Amino acid sequence: MDNVQSLKYLVPELALIGGILLIIAWDLVAKGKAKLTGIVGLAAVSLAISGGVGLAALLSKSEPVALFYGLLAADRFSNLFRVVFAFVTGVVVLFSIPSDETAKESAELDAEDAPKDSALTKFRRDPGEFFALLLVLTLGMNLMASSRNLLMIYLSLEIVSVISFVMAGLKFQDKKSSEAALKYVVYGGVASGIMLYGMSWIFGITQSLYLGECAERIVALTTAQGKVPAVVFVGTVCMLAGFGYKISAAPFHMWTPDVYEGAPTPVTAFLSVGPKAAGFAVMIRFFWDALGAADMPIVKGTPVETPWPIIAGCLAMATMTVGNLSALGQDNVKRMLAYSSIAHAGYMLLGFSVFSEAGVASIVFYVVTYCFMNLGAFLIVAGVAEQNGGDETINSFKGLGRRAPVVAAVMTVFLISLTGLPPMAGFVGKFYLFSALVNAGGTWNWAVAVVGVVNSVISLFYYSRVMRAMYLEKSEKTEPTQVRKLFNAASILLAVPTLVLGVYWGPVYDFVLRSLSMAR
Amino acid sequence: MSTVPVEYFLIVAAVLFVVGAVGFLLRRNLLVLLMSIELMLNSVNLTLVAYNRLHAANHAGQNLAFFVIAVAAAEAAVGLAIVLAFFRVRKTIHSDEANLLKN
């Protein structure tokens with residue numbers, strides 16, 4: 001499809017671009033209170049259009065189309081992720097509206113005699129740049145989920161990376177925040193360099209950047225040689241460095257805890273779900289489309305043995321184990337959740353070990369449930385820390401069961417779901433992942449599944465530490481406490497699907513299964 | 001007129017890539033780290049352009065190389081800005097001293 005015709009399938013992205021430009025313009029023109037209201041309104045409208053158009057396309061029976069001569073794909077898979085990204089960003093927008101105190105504080109900082117190194121600076125002075133950057137990130141993630149060309153994959157990945165670097169350093173004069181941004185940018189540069197090197201070799205052997213054409217060539221070479229060519233293997237492993245960095249899989253996870261701890265909490269919450277989900281989307285498409293991992297060519301009656309299940313299984317086991325074991329000793333709840341998000345990337349990688357339809361569906365379903373529960377948990381950490389003068393350690397959760405029953409109950413829902421116990425969404429997600437492994441059978445899949453189950457048990461220890469602090473330990477303070485109403489509303493908005501998906505998941509799972517049709 | 005075989009370019013590119021990677025692992029100066037990353041990206045460009053010669057009808061490799069140059073510039077701009085911000089609050093550009101966030 002040519003460029004002009006393609007535009008009408010690109011309404012979600014165009015809405016986001018419009019929103020970004022309007023926010024920047026509004027930020028320059030407006031004054032006083034109208035400024036923030038306008039910015040948040042514009043962000044909400046463009047996200048609603050983006051998600052709404054995606055949802056409408058998902059509900060109608062639209063055929064997959066190739067946009068811009070095959071650079072992008074508009075199919076159910078990309079639409080599903082558009083909806084997820086619009087929802088995630090919407091929650092983060094709600095969640096990063098500065099409180100009145102912060103707004104007053106930043107007004108004071110604008111004054112000339114303000115102390116220059118106030119650690120309390122939530123964001124830099126203008127909310128405009130924060131919300132505009134947030135929408136640019138969403139745009140990049142949308143493009144990631146629909147890229148069907150190595151060049152587009154690289155560009156969209158870099159949009160997300162470069163903007164994430166800036167967002168991690170938004171607390172401009174904060175020592176931790178600038179260190180987080182630094183670590184992010186240094187590791188990110190290397191990861192994208194390695195990924196590009198892999199791409200250049202894949203381009204060399206397949207002579208094309210289009211995933212579909214790559215697949216044809218790889219299949220032809222694999223059939224001729226009776227195995228996956230060594231160059232494709234090396235190229236893919238190098239590209240996994242880039243993808244693994246985005247989803248924070250071991251051994252490319254080193255940046256995760258530091259960046260998550262140092263970055264402002266709304267940014268952390270966003271980084272832990274948005275780019276990670278986008279990373280999985282682009283990785284699924286790459287495996288499915290370019291490597292044809294789901295259906296391997298058959299030589300002399302038997303399908304060709306591919307190294308992908310072994311690589312994915314090893315990555316998954318390493319990621320889960322590293323994440324869970326490191327999370328055990330953490331006192332800072334934000335840092336603990338950072339390690340837990342590494343572990344969850346490991347669970348999702350399990351699905352790559354069996355790259356069947358069921359495997360992919362279980363990954364996508366897990367990504368969706370993970371968005372709800374992880375975002376919710378970070379939201380509550382931010383809310384509680386805000387009430388305790390920025391204290392993110394487990395101490396600020398002590399006695400929360402009595403002081404703020406609703407917050408504690410909602411947090412418990414998220415924690416149980418993250419552990420993967422029934423009746424929460426996390427249980428259903430893990431159930432599908434493990435059952436995909438077990439149904440596929442084979443010693444390797446069983447071994448990987450067992451490691452996954454053992455890891456879930458380990459994770460119970462550190463999640464339950466927070467629950468114990470909330471309900472069983474006494475704090476020095478006993479007076480009731482309250483997080484901001486906005487936080488309460490947003491966290492309940494996330495807790496409801498976490499609970500509902502845990503008992504009534506059938507329709508959603510079927511919906512995900514039907515959304516897997518990709519342009520090929 | 002004889003031309004240089006493609007393999008030569010690929011080997012030079014691989015050597016450049018390894019030099020960049022080793023520099024990244026061994027050096028501790030943040031500016032040198034950023035330079036190592038640039039070296040890795042340049043080796044990618046060399047590989048792409050060399051491979052493009054094998055199938056000259058389609059210029060995909062050269063296109064990608066141009067995009068890599070442009071994006072690398074953007075990334076370097078953000079990277080240097082972040083190093084500068086780090087230097088302002090910490091008065092060092094030694095990566096070992098970026099150790100506030102640790103277990």
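Student: Ground rules before we start?

Tutor: The model is predicted: local features need pLDDT of at least 70, side-chain atom pairs count only at pLDDT 80 or more, and totals for chains, interfaces and linings use all residues. Residues are numbered from 1 along each chain as its sequence is written, with chains lettered from A and ligands numbered from 1 in the order in which they are written.

Student: OK. How many helices and strands in chain A?

Tutor: Chain A has 21 helices and 4 strands. Helices (H or I, at least four residues) and strands (E, at least two) are DSSP runs, numbered from the N terminus. The radius of gyration is 23 Å, close to the 24 Å that the globule rule gives for 520 residues, so chain A is as compact as a globular protein of that length. That radius is taken over C-alpha atoms, and the rule is 2.2 Å times the number of residues to the power 0.38.

Student: What does the C-alpha trace span?

Tutor: About 75 × 50 × 40 Å along the principal axes of chain A.

Student: What percentage of chain A is buried?

Tutor: 58% of the 520 residues. Buried takes 20 or more other C-beta atoms within 10 Å of the residue's own, exposed takes 12 or fewer, and partly exposed is in between; C-beta atoms are placed from the backbone.

Student: And the contacts in chain A, what share joins residues at least 24 apart?

Tutor: 79%, among contacts between residues at least 6 apart in sequence. A contact needs C-beta atoms, placed from the backbone, within 7 Å.

Student: Switching to the interface. How many residues does each chain give?

Tutor: Chain A gives 33 and chain B gives 32. On the chain A side, helix 7 (150-168), helix 8 (175-206) and helix 11 (255-262) each give two or more. Helix 8 of chain A has the largest share, 18 residues. By class, the chain A side has 16 nonpolar, 10 polar and 7 charged residues. Ala, Val, Leu, Ile, Met, Phe, Trp, Tyr, Cys and Pro count as nonpolar, Asp, Glu, Lys and Arg as charged, and the others, Gly among them, as polar.

Student: How do helix 7 of chain A and helix 3 of chain B pack?

Tutor: At about 5°, with axes 10 Å apart. Axes are lines fitted to C-alpha atoms, for helices over the stretch in contact, and angles run from 0 to 180 degrees between N-to-C directions. The pair is therefore roughly parallel. Under 35 degrees counts as roughly parallel, over 145 as roughly antiparallel, 65 to 115 as roughly perpendicular and the rest as oblique.

Student: Which residues make that contact?

Tutor: Among them are L151(A), L155(A) and F165(A) of helix 7 of chain A, and L64(B), F67(B) and I82(B) of helix 3 of chain B. This contact has 11 nonpolar, 1 polar and 2 charged residues.

Student: Within chain B, what's the angle between helix 2 and helix 3?

Tutor: About 175° for helix 2 (residues 30-54) and helix 3 (residues 60-90) of chain B, with axes 9 Å apart. They are therefore roughly antiparallel. The contact residues divide into 16 nonpolar, 5 polar and 1 charged.

Student: Back to chain A. Which peptide bonds are cis?

Tutor: One joins A250(A) and P251(A), with omega about 0°. P251(A) lies in the loop between helix 10 (230-247) and helix 11 of chain A. Another runs from P422(A) to P423(A), with omega near 5°. P423(A) is in the loop between helix 17 and helix 18 of chain A.

Student: What about helix 18 of chain A, how far does it reach?

Tutor: 23 Å from first C-alpha to last over 16 residues (425-440), close to the 22 Å expected at 1.5 Å a residue. The expected span is 1.5 Å times one less than the number of residues. Its buried residues include F427(A), K430(A) and F434(A). Their cover includes helix 14 (333-353) and helix 19 (443-471) of chain A. Just after helix 18, G441(A) takes a positive phi of about 70°.

Student: S248(A), what phi does it have?

Tutor: A positive one, about 50°, although S248(A) is not a glycine.

Student: Buried or exposed?

Tutor: S248(A) is buried, because 29 other C-beta atoms lie within 10 Å.

Student: And Q207(A), where is it?

Tutor: In the loop between helix 8 and helix 9 (211-225) of chain A. Q207(A) also has a positive phi, about 60°, and is not a glycine. Q207(A) is partly exposed, with 18 other C-beta atoms within 10 Å.

Methods:
Contact = placed C-beta atoms within 7 Å.
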